[in-house]
Amino acid sequence: MTSLSSPGPDLRTGAADLLPPRSQRGVVGWMRENLFSNWLNTAITLLLAYFLVRWISGFVDWAFVNAIWSVPGNNTTACREARGIGACWALINEKHRFILFGTYTYEEQWRPLIACALFIALYVVSAMKRFWNKWLMAIWAVGLVAIGVLMWGGVFGLTHVSQERWGGLPITLILSTFGIVGAFPLAILLALGRRSTGMPAIKALCVVFIELIRGVPLISILFMASVMFPLFLPDGLNIDKLLRAQVAIILFAAAYLAEVIRGGLQAIPKGQGEAADALGLSYWNKTLFIILPQALRIVIPPMVNTFIGMFKDTSLVLIIGIYDILNAAKTSIIEPAWQGFGVEAYIAVATLYFFFCFAMSKYSQKLEVDLNRGMRR
Amino acid sequence: MTNAAVGPAQGQPEFIQIVGMHKWYGEFHVLRDINLTVTRGERIVICGPSGSGKSTLIRCINRLEEHQKGQIVVDGIELTGNLKNIDAVRREVGMVFQSFNLFPHLTVLENCTLAPIWVRKMPKKDAEAVAMRFLERVRIPEQANKYPGQLSGGQQQRVAIARALCMNPKVMLFDEPTSALDPEMVKEVLDVMVSLAGEGMTMLCVTHEMGFARQVADRVIFMDRGEIVEQNVPELFFSNPQSERTKLFLSQILH
């Protein structure tokens with residue numbers, strides 16, 4: 001320390017390394033700052049905490065402590081006695097197969113179960129960056145064929161299950177998966193078409209399509225698809241109801257998604273396209289390698305917004321008599337013995353919806369970070 | 001002041017020929033009766049006050065801007081609405097922008113190999129070898145796997161030059177390549193351009209770097225209000241400007 005030539009440790013721990021005062025650090029510091037900074041804040045904090053604790057404990061009592069998990073046979077007397085005090089999870093216990101798989105042949109319900117597992121496996125595989133190569137398409141093709149075989153049957157010794165009997169979770173997953181897979185490329189084409197300057201006819205077509213579809217509710221498009229569309233078809237030719245609903249959902253989602261993607265296209269500086277032009281890249285090369293990768297990255301949040309909205313919108317198919325998971329849950333409480341236990345059924349389905357939507361949301365956040373890592377300054 | 005006095009050397013083939021070219025933005029007449037001939041290997045600096053149409057002029061040469069009247073012929077190909085011709089010209093003409101316009105989502109190497117692979121149909125390995133050669137020439141091979149956002153402005157502009165060179169262009173257009181750079185980075189970009197000029201590349205540069213014009217230009221062109229006002233070899237252009245507008249401009253930029 002006495003020698004000038006050897007700088008003491010005090011030189012290295014300069015002002016920059018000082019910590020803020022203890023009272024402003026950590027959990028206590030945060031709480032002092034944000035929750036108890038003056039008497040009014042303290043009062044509001046305590047009041048809210050009181051209501052929160054009461055509400056949570058009430059819910060825990062209802063959902064877990066006083067809940068009835070199973071009843072003998074269809075005898076719901078115990079449940080009825082506990083109305084308002086404890087949840088009747090016996091409903092889920094009893095009806096979960098109907099909610100998940102609808103009226104699909106009972107003994108064969110392992111098939112839609114595997115189909116759902118395959119769907120989820122496909123999502124997981126597609127989410128992993130190391131599978132982002134030319135094989136992914138093949139994996140999807142094989143997966144979807146397998147799902148189709150499982151659901152329809154009629155081959156490999158599987159009994160045929162007609163499509164009217166499908167229901168529950170597989171319907172929701174089919175409608176939303178094919179919805180997204182179909183709407184995404186269509187939306188890109190619509191967005192590009194709407195921005196094209198050289199082809200006024202195509203541009204007009206895209207504008208009319210987007211504005212028309214966006215201008216009406218999904219319900220009316222589903223009605224059109226299920227009621228009016230068959231009227232235009234020649235006798236004998238009947239396109240399956242689920243397929244018609246699927247097409248309606250694809251068209252509807254594509255119109256919204258197209259506008260989201262167009263927003264991304266508009267955010268790309270003009271210089272990017274000019275640089276690609278100056279290098280002699282063709283329109284499609286420019287769009288595919290320069291413009292879209294940047295544009296889609298920008299619109300990941302609103303795109304996922306649209307996807308999540310669409311996932312939930314598939315439940316509207318109930319109005320044309322398709323038994324998606326929400327409709328199946330609704331139907332499960334029609335039986336007199338189980339009438340009045342809607343809350344339990346809806347909570348169960350809501351939990352399932354939340355699981356899928358939250359996973360989408362979380363994944364999109366991770367994707368944003370991953371894709372932007374290299375581009376950050 | 002005419003082309004004949006200072007123009008292309010005798011016997012050299014004309015590479016770019018612009019005859020009676022006009023351009024309008026709506027009603028606004030941006031380029032008026034432009035006549036310009038550039039021979040192979042010639043190095044031309046275009047200067048003039050802002051809004052004089054100099055950037056628009058060189059952007060017409062690779063059809064980033066469309067002209068409405070007159071004729072532009074590049075390497076024997078006339079620029080018209082014909083997309084084939086436009087593509088053919090763009091393959092031969094490299095361009096460097098004021099704002100670099102690198103592709104931020106691609107690495108430096110990918111920026112350089114994209115066009116050779118997709119436009120020249122070069123195998124990826126070869127394209128990468130070519131790209132590395134040019135990145136060495138602009139002296140940043142060690143940045144090949146970084147993203148543009150991680151580079152300084154001067155480095156980004158050198159990548160942009162390398163990217164254009166990877167297409168093996170016959171002519172290079174520079175649109176104020178140093179205007180967006182911090183002062184200390186201007187030299188590294190100009191050095192690359194000087195060495196490029198030394199190798200006989202045909203160049204058209206819009207720039208305010210008069211030192212660069214003196215050092216490498218065969219001809220300096222002064223534009224004002226959409227017209228070519230004056231052109232001459234650099235010594236005479238700077239020592240003995242003919243028009244009042246040129247004199248005024250030079251007095252403003254040469255202190």
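Hi everyone, let's start with charged pairs: counted over all chains, there are 29 salt bridges here, where a salt bridge means a side-chain nitrogen of Lys or Arg within 4 Å of a carboxyl oxygen of Asp or Glu. Side chains of opposite charge can pair when their charged atoms come close.

A quick word on the ground rules. This is a predicted model, so local features need pLDDT of at least 70 and side-chain atom pairs count only at pLDDT 80 or more, while totals for chains, interfaces and linings use all residues. Residues are numbered from 1 along each chain as its sequence is written, chains are lettered from A and ligands numbered from 1 in the order in which they are written, and side-chain values use heavy atoms, with hydrogens and water left out.

Now, some of those bridges. In chain A, Lys286(A) and Asp277(A) pair at 3.2 Å, N to O. Are these two buried or exposed? Lys286(A) is buried, at 15% relative accessible area, and Asp277(A) is buried too, at 16%. Buried means under 20% relative accessible area, exposed over 50%, and partly exposed in between, with a 1.4 Å probe and protein chains only.

Over in chain B, Asp75(B) meets Lys170(B) at 2.9 Å, N to O. Asp75(B) sits in the loop between S4 and strand S5 (77–78), and Lys170(B) in the loop between H6 and strand S7 (171–175), so this pair ties together parts that are 95 residues apart in sequence. Helices (H or I, at least four residues) and strands (E, at least two) are DSSP runs, numbered from the N terminus. Asp75(B) is partly exposed at 25%, and so is Lys170(B) at 32%.

Another chain B pair is Glu199(B) with Arg137(B), at 2.6 Å, N to O. Glu199(B) lies in the loop between helix H7 (183–198) and strand S8 (202–206), and Arg137(B) in helix H5, so the bridge links parts 62 residues apart in sequence. Back in chain A, bridges with shared partners join Arg194(A), Glu211(A), Arg214(A), Glu259(A) and Arg262(A) into one network.

Let's stay with chain B for a moment and look at Val73(B), in strand S4 (residues 69–74). Val73(B) counts as buried, at 18% relative accessibility. What does Val73(B) touch, leaving out residues up to four places away in sequence? The contacts are Phe15(B), Ile16(B), Gln17(B) and Glu78(B), with contact meaning heavy atoms within 4.5 Å.

On a 1 Å grid over the protein atoms alone, a pocket is an open set of points with protein on both sides within 12 Å along at least five of seven lines, a cavity is a set where a 1.4 Å probe fits but cannot get out, and lining residues have an atom within 4 Å of a point. Grid points are joined across faces, edges and corners, and a volume is the space filled by probe spheres set on the points.

The largest pocket holds about 2300 Å³. It is lined by 50 residues, and closest to its centre are Ser126(A), Trp132(A), Leu136(A), Tyr363(A) and Leu367(A). Which helix gives the most to the lining of this pocket? That is H16(A), with nine residues.

There are also two cavities of 30 Å³ or more. The largest has a volume of about 90 Å³, and 14 residues line it, including Ala278(A) and Gly94(B).
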